[in-house]
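Subject: Structure handover

Hello,

Here is the structure for you to take over. My notes on what was found in it follow below.

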Amino acid sequence: MARYSKLQVLQTILGTGMVPVFYNPDAETSMQVLRACYEGGVRAFEFTNRGDFAHEVFGRLARYAATELDGMILGVGSVVDAPTAALYIQLGANFVVGPVFNPEVAPVCNRRLIPYCPGCGSASEVSAAQAAGCDICKVFPGDVLGPAFVKDIKGPMPWSQIMVTGGVRPEEENLRAWFKAGAGCVGMGSQLFPKDAVASKDWARITQLCRQSLQTISSLRQP
């Protein structure tokens, strides 16, 4: 069961402006990465459903976050069907993210008041997701669609809350383009977790990347 209310989750995601996206089959490594992000100021974290027994790792992470990382909101990503969403909700997912919009996932999440952030690649998909109760729509793949897509969505649909994932980098120029276009937040994966840093267990480097990214986003959003 989710530990945080829907309102808390949405406010945290949109308030910080960044959700790290990570997967590793090893629970101990994943817990160290989660802590490194937490120490860098992250308060919403997406663990992706990308490998066998990923749900078992997620269960370990959820218990770890609940006891050791006060205020860390843990969600699941790469969810494409309703049964998978239900499984992770039972394990404690506070939000559900997908690479596509599946209308069968929405009522599963809505029944528990858990945010569902589906992947959308057109105005019609964004509109359909909003009609199904999705408060934040994920624009994916961001590196293919580009900042202009976000800007063009926000034009006729200014109420839209957009999370861009794919092609987002922890660099001021890249982040400026997305937030200037109207993104409400970004999902950032491999750029926050260099393979060599994870392999060498350089958790301090990941903490610093998270801290710098959040500081950059905060400065870019200043009026």
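A salt bridge here means a side-chain nitrogen of Lys or Arg within 4 Å of a carboxyl oxygen of Asp or Glu. Please keep in mind that this is a predicted model.

Salt bridges

By that definition, E28 and R60 form a salt bridge, since their closest N and O atoms are 2.9 Å apart. E28 belongs to helix α2 and R60 to helix α3 (residues 54-68), so this pair ties together parts that are 32 residues apart in sequence. E28 is partly exposed, at 44% relative accessibility. R60 is partly exposed as well, with a relative accessible area of 36%.

In total, the search of the whole structure gives six salt bridges. Another of them joins D135 to K6, with 3.0 Å between the closest N and O atoms. This pair links distant parts of the chain: D135 is in the loop between α6 (123-131) and β7 (136-139), K6 is in helix α1 (residues 6-16), and 129 residues separate them. D135 has a relative accessible area of 36%, which puts this residue in the partly exposed class.

The side chains of R35 and E39 meet at 3.6 Å, N to O. Both residues are in helix α2, and because they are four residues apart there, about one helical turn separates them. R35 counts as partly exposed at 25% relative accessibility, and E39 does too, at 46%.

Aromatic rings

The structure has five aromatic pairs. One of these is formed by Y23 and F47, with 5.5 Å from centre to centre and 45° between the planes, and counts as tilted. Y23 sits in the loop between β1 and α2 (27-39), while F47 is in strand β2, so the pair ties together parts that are 24 residues apart in sequence. Are the two partners buried or exposed? Y23 is partly exposed, with a relative accessible area of 24%. F47, at 0% relative accessibility, is buried.

Elsewhere, F22, F45 and F193 are linked into a cluster by ring pairs.

Charges over rings

R43 lies over the face of Y38, 3.8 Å from the ring centre. K138 has its charged end over the ring of F140, at 4.7 Å from the centre of that ring.

The largest pocket

Which residues lie nearest the centre of the largest pocket? They are V21, R50, G189, S190 and Q191, out of a lining of 22 residues. The elements that contribute two or more residues to this lining are β1 (18-22), β2 (44-48), β9 (185-188) and α9 (195-199). Sorted by class, the lining has eight nonpolar, nine polar and five charged residues. The space in this pocket comes to about 400 Å³.

Regards

Notes
Residues are numbered from 1 along each chain as its sequence is written. This is a predicted model: local features need pLDDT of at least 70, side-chain atom pairs count only at pLDDT 80 or more; totals for chains, interfaces and linings use all residues. Side-chain values use heavy atoms; hydrogens and water are left out. On a 1 Å grid over the protein atoms alone, a cavity is a set of points where a 1.4 Å probe fits but cannot get out, and a pocket is an open set with protein on both sides within 12 Å along at least five of seven lines; lining residues have an atom within 4 Å of a point. Grid points are joined across faces, edges and corners, and a volume is the space filled by probe spheres set on the points. Ala, Val, Leu, Ile, Met, Phe, Trp, Tyr, Cys and Pro count as nonpolar, Asp, Glu, Lys and Arg as charged, and the others, Gly among them, as polar. Rings of Phe, Tyr and Trp (its six-membered ring) pair if their centres lie within 6.5 Å; planes under 30 degrees apart count as stacked, over 60 as edge-to-face and the rest as tilted. Buried means under 20% relative accessible area, exposed over 50%, partly exposed in between (1.4 Å probe, protein chains only). A charge sits over a ring if NZ of Lys or CZ of Arg is within 6 Å of the ring centre and within 35 degrees of the ring normal.
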